[in-house]
Amino acid sequence: GAHISIEVKFTESDFGKISSCKNDPQKYARKWNNTYVPLLNKCAFTQNKLITCKNCEQTVMCAENGVLSDRCAHSEDCFVHEFYEHYQIWRNIAYATSPLDLVIFLTPRLNDSLNIERTYIDALSSQFNGPTIQNIFWEDLIHASLAQAKNDAKLFGYLKRFAEKYLLK
């Protein structure tokens with residue numbers, strides 16, 4: 001009955017950010033109010049979090065035009081700003097509604113450009129009791145999968161070729 005979200009990275013230099021939307025300056029305010037607030041109200045990770053900003057509740061000033069800014073005087077303590085600063089991470093977390101749910105971020109250990117965001121994910125993971133947020137390295141997953149597949153030559157061969165092609169230098 002658990003919901004599992006998995007965000008997979010290989011060569012990307014970061015987790016997704018918000019993008020410019022000059023033709024629709026209120027795009028992220030609308031998404032916040034219509035999509036993310038309802039999701040976050042049910043999210044197991046945000047049960048005790050203030051998910052609105054007192055200063056910019058309707059306009060979401062920090063994400064106008066799809067550019068994250070500190071125009072809001074409350075951006076340091078604002079969950080809206082934090083959400084959009086780590087957009088792809090929180091977009092995955094938002095769907096976790098049960099303490100049984102898992103949110104997994106699968107990345108290659110050698111992709112150092114993801115280290116800052118992996119540290120952020122680890123910090124989130126340590127804040128919550130219940131639902132689990134995890135960084136998993138591709139290399140560890142492949143190693144464990146190869147050990148489990150040792151008696152299945154076809155699967156073992158596939159996993160080995162996958163590792164050689166994508167993960168081993």
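Modeller: What follows is a set of questions about labels in this model, which is predicted.

Biologist: Why is the pair Phe83 and Tyr87 called edge-to-face?

Modeller: The ring centres of Phe83 and Tyr87 lie 6.0 Å apart, and rings count as a pair if their centres lie within 6.5 Å. Their planes stand at 70°, and because planes over 60 degrees apart count as edge-to-face, the pair takes that name.

Biologist: How do you know whether Phe83 is buried or exposed?

Modeller: Phe83 has a relative accessibility of 0%, and since buried means under 20%, Phe83 counts as buried. Tyr87, with a relative accessible area of 4%, is buried by that cut-off.

Biologist: What makes Arg91 count as lying over the face of Tyr87?

Modeller: Arg91 is 4.9 Å from the ring centre of Tyr87, where the limit is within 6 Å, together with a limit of within 35 degrees of the ring normal. Arg109 lies over the face of Phe137 in this sense, at 4.2 Å from the ring centre.

Biologist: Which residues do ring pairs link into a cluster?

Modeller: The cluster joins Tyr28, Trp32, Tyr36, Phe79, Phe83, Tyr84, Tyr87 and Trp90, while a search of the whole structure finds 18 aromatic pairs.

Biologist: Which residues touch the most other members of the largest nonpolar core?

Modeller: They are Trp32, Leu40, Tyr84, Trp90 and Ile93, in a core of 35 residues. The largest share of this core, seven residues, is supplied by α1.

Key:
Residues numbered from 1 in each chain as written. Predicted model: local features only at pLDDT ≥ 70, side-chain atom pairs only at ≥ 80, totals over all residues. Heavy atoms only, no water. Core = buried A, V, L, I, M, F, W, Y, C linked by side-chain atoms within 4.5 Å. Buried < 20%, exposed > 50% of the residue type's maximum accessible area, 1.4 Å probe, protein only. Helix = DSSP H or I, 4+ residues; strand = E, 2+ residues; numbered from the N terminus. Phe/Tyr/Trp six-rings, centres within 6.5 Å; stacked < 30°, edge-to-face > 60°.
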